[in-house]
Amino acid sequence: MVDLRSDTVTRPTEAMRAAMASAEVGDDVYGEDPTVRALEERVAGLFGKEAALFTPTGSMANVLAVRTLVGVGEEVLCESSAHIARAELGAHAAYTGLTMRTWVGRPVDLAQIETMFAPDMGPFFVATRAISVENTHNFGGGTVTPIEDLQAVRRFADDRGVGVHVDGARIWNAHVATGTPLDAYGACADVLAVCLSKGLGAPVGSLVVGTAAAIEESRVWRKRMGGGMRQVGILAAAGLHALDHHVERLAEDHANARLLAEACGVDPVSVHTNIVVVDVPDAPAVVAAVREHDVLVSAVGPRALRMVTHLDVSRDQAETAAAVLRKVLR
Ligand SMILES: *Cc1c(COP(=O)(O)O)cnc(C)c1O
């Protein structure tokens, strides 16, 4: 099977399992797990931030991150297909009690953001407290949000005294695809959420990254939400291993994605990272047809096919899948 449904399907490598097995651990709710602390310090440093917090999922990291900027009855602005708006099952409303308004179209559209922005006018309108930007943009097809756009959002937010949240579930892919340093992305955000369990290939784990105060507050809320974990250095060790061995190799996933794009008649230049979205007349039919040839892809709409390359798809497998797709789509 060549599984192109998502980059979340990766299984820990032998070397990652060995790192997990030998991890030094302690009770992390007591702050006594040295491996978790090492991971948190390392990731904070990578983004040029004061602190970070390990969480079980990216969704929890996003909820914790956004709530450091936006409170009950206040709003965050984001793009309409953003993961925080579409794929977290209303968690930000359910836990934080915030509201969202969304712009439609490009991952960053300052003209729309400017029109939507609502200053605090007391007891009349919901006040905008933060702008959230995704990088890379998942439902946008793994597109990189250019650093210039993020910098423009940062300036816009600074001028109005509001915060910036970056959903960086795949920010590692953006970093490798563009060469933009991670701390340059960090400088554009008050708080980020980053995932270890997507392209980096760890079995579990994400982090909230931000100021010491934001992380202290997030630590309280993580426990409140039931996310206080104990000897979790075993999982943090997988993340440290992934940072050592699985970041630069994302370039291979990006090359494999371009190969699949070409096979599907998509301009490879439009494929920025490891996600390929293809318009087809009947997406479920294509999913079923390629499955007959041991290739798994997903339908993300009636006419939209999605393929995601990752650690567990070799060049050979990408070539096999490309041949199958070429045949089926013809
Ligand atoms: C996967 C993902 C997340 C987090 O998802 P979890 O499954 O909760 O870890 C957040 N944002 C984006 C853009 C994602 O793709």
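**Notebook: helix packing and the ligand site**

The model is a predicted one, in which local features need pLDDT of at least 70 and side-chain atom pairs pLDDT 80 or more, while totals for chains, interfaces and linings use all residues. Residues are numbered from 1 along each chain as its sequence is written, and side-chain values use heavy atoms, without hydrogens and water.

**Entry: α2 and α11**

I noted that helix α2 covers residues 34-46 and helix α11 residues 233-245. Helices here are DSSP runs of H or I with at least four residues, numbered from the N terminus. The two axes come within 8 Å and cross at roughly 35 degrees; axes are lines fitted to C-alpha atoms over the stretch in contact, and angles run from 0 to 180 degrees between N-to-C directions. I listed the contact (heavy atoms within 4.5 Å): T35, V36, A38, L39, R42, V43 and L46 of α2 meet G233, A236, A237, G239, L240, L243 and D244 of α11. By class, I found nine nonpolar, three polar and two charged residues in the contact of α2 with α11. Ala, Val, Leu, Ile, Met, Phe, Trp, Tyr, Cys and Pro count as nonpolar, Asp, Glu, Lys and Arg as charged, and the others, Gly among them, as polar.

**Entry: α8 and α12**

I then took helix α8 (residues 171-178) and helix α12 (residues 250-263), whose axes come within 9 Å and cross at roughly 80 degrees. They are therefore roughly perpendicular to each other, a label for angles of 65 to 115 degrees; under 35 is roughly parallel, over 145 roughly antiparallel, and the rest oblique. W172, N173, V176 and A177 in α8 meet L250, A251 and H254 in α12. That contact has five nonpolar, two polar and no charged residues.

**Entry: α13 and α14**

I read an angle of about 130 degrees between helix α13 (residues 283-291) and helix α14 (residues 315-329), with axes 10 Å apart. α13 and α14 are therefore oblique to each other.

**Entry: the ligand**

Which residues surround the ligand? I listed T57, G58, S59, N62, H83, E88, E134, N138, D167, A169, R170 and K198, each with a heavy atom within 4 Å. A polar side-chain atom of N138 lies 2.9 Å from a ligand oxygen atom, and one of R170 lies 2.8 Å from a ligand oxygen atom. For D167, I noted a polar side-chain atom 2.7 Å from a nitrogen atom of the ligand.

Notes
Helices (H or I, at least four residues) and strands (E, at least two) are DSSP runs, numbered from the N terminus. A polar contact is a pair of N or O atoms within 3.5 Å; within protein, one must be able to donate a hydrogen and the other to accept it, and residues adjacent in sequence count only if both atoms are side-chain atoms.
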